[in-house]
Amino acid sequence: MLITLLQVIESAINEIVAKYKKMMTTIARNIIKDEHLAEDIVQISFIRINKNLKKIDNVNSAETKNYIITITRNVAFSMIKKENKIQGNVQFIDEDRFNNIEGEIDIEVFKDKYGFNDDIVEVLSEINEMDKDIITLRYGAGYSCKEIAEIMEMSQNAVYKRCQRALEKLEKVISEKGGYIK
Amino acid sequence: MSSKRKAKKVMKLYGKEIIKQRAAFADSFSEEYVPGFRKIRYKRMFKRIALTMLILIMTLSLIVATANAVGIKIFNFSFFETSTHTELINENEKTSNGNTDCYYKPTVIPDNYSFITTDEIEGAEINYIYENDKKQNLVITESYNTDLTTMIDNEKCKISTEVIGENEIKIYAYENGRSVYLLQKGKTFIMIDGTLSETEFKEIITGLKIKK
């Protein structure tokens with residue numbers, strides 16, 4: 001039975017590698033702009049995915065695809081921070097370099113689809129990359145703060161605070177300016 | 001509807017929309033999205049295999065002819081160096097059964113590093129992974145009885161050889177502070193990769209004890 005279980009785990013990770021390695025490399029390369037580091041990011045991401053394999057029910061589901069993209073992005077962002085530290089750079093990450101990450105939401109299309117006003121769109125546009133991943137896992141995929149903390153390798157408290165911060169900003173705009181939802 | 005509930009609803013829509021976009025992005029890498037792609041891919045794959053085989057045969061004949069001049073043989077591994085990377089090929093005699101007695105357990109690890117996990121392919125390879133408070137990784141890879149071919153970056157790095165204890169070590173020291181130490185204990189090939197000082201590397205190497 002144990003052997004069967006191990007075979008299932010191995011086949012799941014093999015399937016993930018076969019299906020998503022190319023996509024992960026593309027994402028990593030878009031973020032880090034370095035071929036060798038992109039490969040490192042993909043390898044580290046696979047180690048993290050393997051560690052949290054129990055969180056994947058269906059390799060082909062939209063949630064799994066988001067989960068894999070999130071881990072790859074997270075590892076890439078950590079790598080940028082690490083590289084900046086090694087080079088002694090203390091500047092903050094330039095958010096502009098993430099503007100062309102593929103597979104991301106077009107906020108204007110999203111606004112028109114649901115009829116949100118500009119104030120809501122402004123709050124959503126200001127959400128940084130890490131918070132965006134956390135919000136997507138929390139509100140989009142329905143993961144608990146504890147699960148997100150394991151995926152993002154951060155404290156549960158930090159996850160909760162980041163969600164709350166974004167929610168409070170949005171709540172304030174809606175209560176003051178009346179965000180419109182169709 | 002209260003503003004709090006509205007905010008949560010917006011967040012849910014936002015989160016679900018991102019998942020939808022990301023899933024579509026992931027699907028764009030899938031073969032089924034391009035009709036006839038699979039056929040073309042097989043053709044390409046066949047061409048690639050044929051080309052790789054040809055290159056391999058040519059390279060092998062060249063290596064056989066000039067092995068001592070081109071390849072540097074250290075331990076039981078052959079190092080083939082290019083301007084961008086070093087390729088290591090295991091020339092250990094292979095046996096049918098893995099012998100995990102030949103693994104070494106790291107007994108000395110720098111204080112600021114904590115153990116994260118081990119990743120083992122039974123009878124072939126084991127990775128010990130550590131991390132410090134700056135989220136820097138220290139990875140100790142041990143390979144035994146395997147078809148090992150490892151690539152190591154040569155760029156922006158100083159390559160040297162040193163003897164620590166009874167071990168001959170090949171050192172790749174990168175400009176960014178990271179180093180890779182390669183050594184062989186018995187038939188086990190050991191690679192230590194991390195951002196550590198020379199002393200710390202030496203302590204790790206001398207602290208490697210046969211795993212019982």
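In what order do the elements of chain A run from the N terminus on? They run α-α-α-α-α-α-α-α. This is a predicted model, and chain A has eight helices and zero strands.

**Chain A overall**
- Chain A has 182 residues, of which 32% are buried.
- Of the contacts in chain A that link residues at least 6 apart in sequence, 69% are between residues at least 24 apart.

**Helices α6 and α8 of chain A**
- Two packed helices are described by the angle between their axes and the distance between the axes.
- Helix α6 of chain A covers residues 129-140 and helix α8 of chain A covers residues 156-177.
- The angle between these two helices is about 95 degrees, and their axes are 10 Å apart.
- Because angles of 65 to 115 degrees count as roughly perpendicular, α6(A) and α8(A) are described as roughly perpendicular to each other.
- On the α6(A) side, the residues that meet α8(A) are D131(A), I134(A), I135(A) and R138(A).
- Their partners in α8(A) are V159(A), R162(A), C163(A) and A166(A).
- By class, this contact has five nonpolar residues, three charged residues and no polar ones.

**Contact between chains A and B**
- In chain B, 31 residues are in contact with 37 residues of chain A.
- Two elements of chain B, α1 (3-27) and β5 (113-121), each give two or more residues to the side that touches chain A.
- The largest share of that side, 22 residues, comes from α1(B).
- The residues on the side of chain B that touches chain A comprise 13 charged, 11 nonpolar and seven polar.

Methods. Residues numbered from 1 in each chain as written. Chains lettered and ligands numbered in written order. Predicted model: local features only at pLDDT ≥ 70, side-chain atom pairs only at ≥ 80, totals over all residues. Helix = DSSP H or I, 4+ residues; strand = E, 2+ residues; numbered from the N terminus. Buried ≥ 20, exposed ≤ 12 C-beta atoms within 10 Å, placed from the backbone. Contact = placed C-beta atoms within 7 Å. Nonpolar A, V, L, I, M, F, W, Y, C, P; charged D, E, K, R; others polar. Axes fitted to C-alpha atoms, helices over the stretch in contact; angles between N-to-C directions. Parallel < 35°, antiparallel > 145°, perpendicular 65-115°, else oblique.
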